[in-house]
Amino acid sequence: MDSIGVLMPIHMNSYLEQELQKRFNVFKLWTFPNKTLFLKEHSSSIRAIVGNAAAGADAETIEALPNLEIVSSFSVGIDKVDLNKCREKGIRVTNTPDVLTDDVADLAIGLILAVLRRLCEGDRYVRSGKWKKGDYKLNTKFTGKRVGIIGMGRIGKAVAKRAEAFSCPISYYTRSEKGDLEYKYYPSVVELASNCDILVVACPLIEETRHIINREVIDALGQKGVLINIGRGPHVDEPELVKALVEGRLGGAGLDVYENEPEVPEELFGLENVVLLPHVGSGTVETRTAMADLVINNLEAHFLKKPLLTPVV
Amino acid sequence: MADQAGSETNHLPLILVHRLPSFDLALTNILQTHFRILDPLHSSQPLDSFLTSHAQSVRALIVYALSPLTADTIRLLPSLEVVVGTSAGVDHIDISECRNRGITVTNAGDAFAEDVADCAVALLIDVLRRVSAGDRYVRSGLWRLRGEYTLGSKLGGKRVGIVGLGRIGSQVAQRLMAFGCIIAYNSRKKKSSVQYPYYAKVCDLATNSDILMVCCSLTSETHHLINKEVMKALGKEGVIVNVGRGGLVDEQELIQLLTREEIGGAGLDVFEEEPDVPGELFALDNVVLSPHKAVLTPESIEAVFQLSLANLKCFFSNEPLRSVVQQE
């Protein structure tokens, strides 16, 4: 297979690159100074794209690659892949579900705890030597708080299972009620937000879920409410979120994703009731390795004309 | 402040408050509707002479937070029968003097267990997934500048050794089971009611664990329970979380091993000389430092206030106390 051209739009993971290079003719787009020139020269030899949550395959890229057969994404979300274009052209698309579910759910709980128990603030406080001066601030209990989850797929369910171990009542919103779940269902996000203390965004990013967290939802969550986003940045109307946090209309937020990564609104940097992470939902050595293996196994299956392991299209 | 000599409250039982000046008086406000309060800090007299002249008949004493209660102080109180503690650990109270005198000691019982367990899990996820370090990375603008952030370590499937499977340790275990962790424990005695594997020696537990959660109480036997040998047994990738007491871990050895990268990381809510934290820790990205606030939530504090009040009321009406510390 080492003659098959695989395009990587950005640097993602060293292990993934290494393993791809052992098997395929890998083009690292970021090492070519001129993209137009690169496409002119190599477009016909590229049969696969390996992208991720930051860079996938838009319509323009797909059009520019006449022999593209498969987009194998190093992510579970495939919002950066133009799925309609792929369907139209008979291009296969795979993602990396399941292997990252636990990590993302763990991080959701980690963010909840960090925001409620003021972990990062406490760490700053100790490191700055202020503890010696002796005052202390109360923080908020997690056990027993009402957790609302938007999206009850693999990740949403994994978050629910963990929160249950903290005796949290769980409720959720999805487009339609899931008959097999015992959790309380709300038919709108605003109702869910009005009836929980912590709101976790765990749905895929599609047109209907863009800005699913808007001003109305934020105000329903309220002054004591905490928003956790481990989905995608565009799920949240970021300027509204920033305003609500700055004005004290929202209790706090734990964010792993942002609308224009790696740009993070600087107004958030001075706030103690937010925790800001650099999109590390699946960021463990173990999981990134499992994701890389899955990307490669999907590519190999495709080129050996075997069934794909985790097809989306 | 309670009217110590007021005729209306004269019939109420007398209790002695033992506190540090910094501790706030919310608890006194609750107690003073039920008791006459004797608080040495309201007098200009030195403590010893105050107790000798005013507290000779005192039968009940309440210790606010972690104010040290020494044998010398206890000896000045000849009528003392009960010491009501308001914390989970009672290592700041001279337990052996109380035992010798037949004085009952109570603690915070279950009131803090959930919050401490939550804090332990919080510190563990923070260390493994580099949450506080990630927050620093974003806030300092480094994400934009450098892009990639160092990967963390997966919690699921990790072998977690719990040191001290009491109220707090059990709650930690229950939570971590939901994350797919494999639990084992060490305690003075094997517990017949639990299924987790038991290790009689902490060192053996450490050898067979990726993570040690230190949740036991501090006594003369558990001082520096987590020593160099135990930490070495835990190994290079190992993580220690301490929500018990600073004295349970040999702090200097821990710092040595952390700086030499012979241990993977640590999440610490407690330290040997609080509020002094060794400066060597400030430069490390694989540690999370918390200012002994595992129990500082309004819910926990209200619960412990109510429990302390209940214990005092039980004592004065000859009913069984709610959360007696077993003295061996």
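Tutor: First, a term: a salt bridge is a side-chain nitrogen of Lys or Arg within 4 Å of a carboxyl oxygen of Asp or Glu. We're looking at a predicted model, where local features need pLDDT of at least 70, side-chain atom pairs count only at pLDDT 80 or more, and totals for chains, interfaces and linings use all residues. Residues are numbered from 1 along each chain as its sequence is written, chains are lettered from A and ligands numbered from 1 in the order in which they are written, and side-chain values use heavy atoms, leaving out hydrogens and water.

Student: Okay, how many salt bridges does the rule find across the interface of chain B and chain A?

Tutor: Take an example pair: Lys141(A) and Glu114(B) join side chains, with 3.0 Å from N to O. Across the whole interface of chain B and chain A, the rule's count is 11 salt bridges.

Student: Which helix of chain B gives the largest share of the side that touches chain A?

Tutor: Helices here are DSSP runs (H or I, at least four residues) and strands are too (E, at least two), numbered from the N terminus. Several elements of chain B supply at least two residues each, including helix H6 (131-139), strand E11 (287-289) and helix H12 (298-316). The largest share is 10 residues, and it comes from H5(B).

Student: And how much area do chain B and chain A bury between them?

Tutor: On contact (heavy atoms within 4.5 Å), 59 residues of chain B meet 62 residues of chain A. In chain B, Arg129(B), Arg139(B) and Trp143(B) lose the most area to chain A, together 16% of what that side buries. Buried area is the accessible area (1.4 Å probe) that two parts lose on being put together, summed over both. Carbon and sulfur atoms hold 58% of the total, which is about 5,200 Å².

Student: Now inside chain B: how far apart are the C-alpha centres of domain 1 and domain 2?

Tutor: The bounds come from an automatic or database domain assignment. Domain 1 of chain B is 14-108 + 298-316, and domain 2 is 112-289. Their C-alpha centres are separated by 32 Å.

Student: What's the area buried between those two domains of chain B?

Tutor: Here 11 residues of domain 1 of chain B touch six residues of domain 2 of chain B. Of the area buried between these domains, 53% is given by carbon and sulfur atoms, and the total is about 680 Å².

Student: Which residue forms a salt bridge with Arg245(B)?

Tutor: Between domain 1 and domain 2 of chain B the rule finds one salt bridge. With the closest N and O atoms 2.8 Å apart, the partner of Arg245(B) is Asp91(B).
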